Amino acid sequence: MVVWTDFERSTIQDIFSKMDYEVVGPAALTRCLIVYPWTQRYFGNFGNLYNAAAIMGNPMVAKHGTTILHGLDRGVKNMDDLKTTYAELSVLHSEKLHVDPDNFKLLSDCLTIVVAARFGEAFTAEVQAAFQKFLAVVVSSLGRQYH
Amino acid sequence: MSLNAKDKDAVKAFWAKVSGKAGDIGSDALSRMLTVYPQTKTYFAHWKDMSAGSDPVVKHGKAVMGGVAEAINKIDDLNAGLLNLSELHAFTLRVDPANFKILSHNILVVMAILFPKDFTPEVHVAMDKFLGALSRALAEKYR
């Protein structure tokens, strides 16, 4: 069972209450596809991903980025049982999407960097620690049903 | 995943913009590492004060970024260029190389915070590759 401090809970709620999903989601996914190009393997039907400009202008990537970010909402609402919250999505990513769970960490690193850039100095070391802890538990939950 | 000419140009161009704040970047990245990855504190048990902005953190942040600056100057042959630093880390400091990745991540986070417009995805990938190559050069002499 993950133990959350009051600071961690309020920090996570605060970050997501201020989240601009349509900007941050696409920014995080495009960054992941550019910085870790092997992740493009999962998006063969997304059309033009040939270079950074194409990725950043691709509407399917943008839409999917927003979808992924909203996927974190249920985690924000259920911080005390992330394992159960993401069990179904874990099965989906394993059985249907066949995504290597190492990729979850790559995307969460990119999300951290995008959120850091948006929050600026407000993204203190303590806030970063809380955010990364939340993402780490989500990532772990998403990898749990793989076998 | 070695650095091509485009990566090297991107790294040098970005460094030209940010090197003035190198000390601040190093100190903030180090603080974040110590806070977000507490296991890294084990290497600094001899410091009286590990808090952000403390003397040892500021001083060491500058030292680390001095190493990064040196690596940028020697970007065409990092293994040869960072030989002394690699020997230091391998035989004297004996820092587990997994930690290089951790510090690199925090350097990138600070760059994103301080230079949100300049730290584009293209710059991000070049810097990530560069810090990866730097880390590999630093680990070269370990075994």
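User: Where in chain B is R94(B) found, and is R94(B) buried or exposed?

Analyst: R94(B) is found in the loop between α5 (83–93) and α6 of chain B, where helices (H or I, at least four residues) and strands (E, at least two) are DSSP runs, numbered from the N terminus. R94(B) is exposed, with a relative accessible area of 58%; buried means under 20%, exposed over 50% and partly exposed in between, with a 1.4 Å probe and protein chains only. This is a predicted model, in which local features need pLDDT of at least 70 and side-chain atom pairs count only at pLDDT 80 or more, while totals for chains, interfaces and linings use all residues, and side-chain values use heavy atoms, with hydrogens and water left out. Residues are numbered from 1 along each chain as its sequence is written, and chains are lettered from A and ligands numbered from 1 in the order in which they are written.

User: What is the phi of R94(B), and which value does H98(A) have?

Analyst: Most residues other than glycine have a negative phi. In R94(B), however, phi is positive, near 50°, although the residue is not a glycine. H98(A), likewise a residue other than glycine, has a positive phi of about 50°. H98(A) belongs to the loop between α7 (87–96) and α8 of chain A, and at 52% relative accessibility H98(A) counts as exposed.

User: How should I read two packed helices, and at roughly what angle do α1 and α3 of chain B cross?

Analyst: Two packed helices are described by the angle between their axes and the distance between the axes. The axes are lines fitted to C-alpha atoms, for helices over the stretch in contact, with angles running from 0 to 180 degrees between N-to-C directions. Helix α1 (residues 5–18) and helix α3 (residues 55–73), both of chain B, have axes that come within 11 Å and cross at roughly 135°. That angle makes α1(B) oblique to α3(B), because angles under 35 degrees count as roughly parallel, over 145 as roughly antiparallel, 65 to 115 as roughly perpendicular and the rest as oblique. On the α1(B) side the contact is made by V11(B), K12(B) and W15(B), and on the α3(B) side by M65(B), V68(B), A69(B) and I72(B), contact meaning heavy atoms within 4.5 Å.

User: Which way does α1(B) pass α3(B), and how is α8(A) placed against α9(A)?

Analyst: A crossing is left-handed if the near helix is turned anticlockwise from the far one by less than a right angle, and right-handed if clockwise. The crossing of α1(B) past α3(B) is left-handed. In chain A, helix α8 (residues 102–119) and helix α9 (residues 125–143) have axes that come within 10 Å and cross at roughly 155°, so α8(A) is roughly antiparallel to α9(A). Among the residues making this contact are F104(A), S108(A) and L111(A) of α8(A) and F131(A), L135(A) and V139(A) of α9(A). The crossing of α8(A) past α9(A) is right-handed.

User: Which residues touch the most other members of the largest nonpolar core?

Analyst: In soluble globular proteins, nonpolar side chains tend to be buried together. A nonpolar core here is a set of buried Ala, Val, Leu, Ile, Met, Phe, Trp, Tyr and Cys residues joined through side-chain atoms within 4.5 Å. The largest one has 74 residues, of which F16(A), F134(A), M127(B) and F130(B) touch the most other members. Helix α6 (residues 98–114) of chain B gives the most to this core, with 10 residues. Apart from this core lies another, of 15 residues, including I34(A), Y36(A), F46(A) and L49(A). Leaving aside neighbours within four places in sequence, F130(B) is in contact with L3(B), V11(B), V68(B), A71(B), I72(B), I75(B) and L78(B).

User: Which residues does S31(B) touch, and is K59(B) buried or exposed?

Analyst: S31(B), found in helix α2 (residues 22–36) of chain B, counts as buried at 6% relative accessibility. Not counting residues up to four places away in sequence, S31(B) touches A125(A), A52(B), G53(B) and V57(B). K59(B), in helix α3 of chain B, counts as exposed at 67% relative accessibility. K59(B) and G26(B) are 33 residues apart in sequence and 9.1 Å apart in space, C-alpha to C-alpha.
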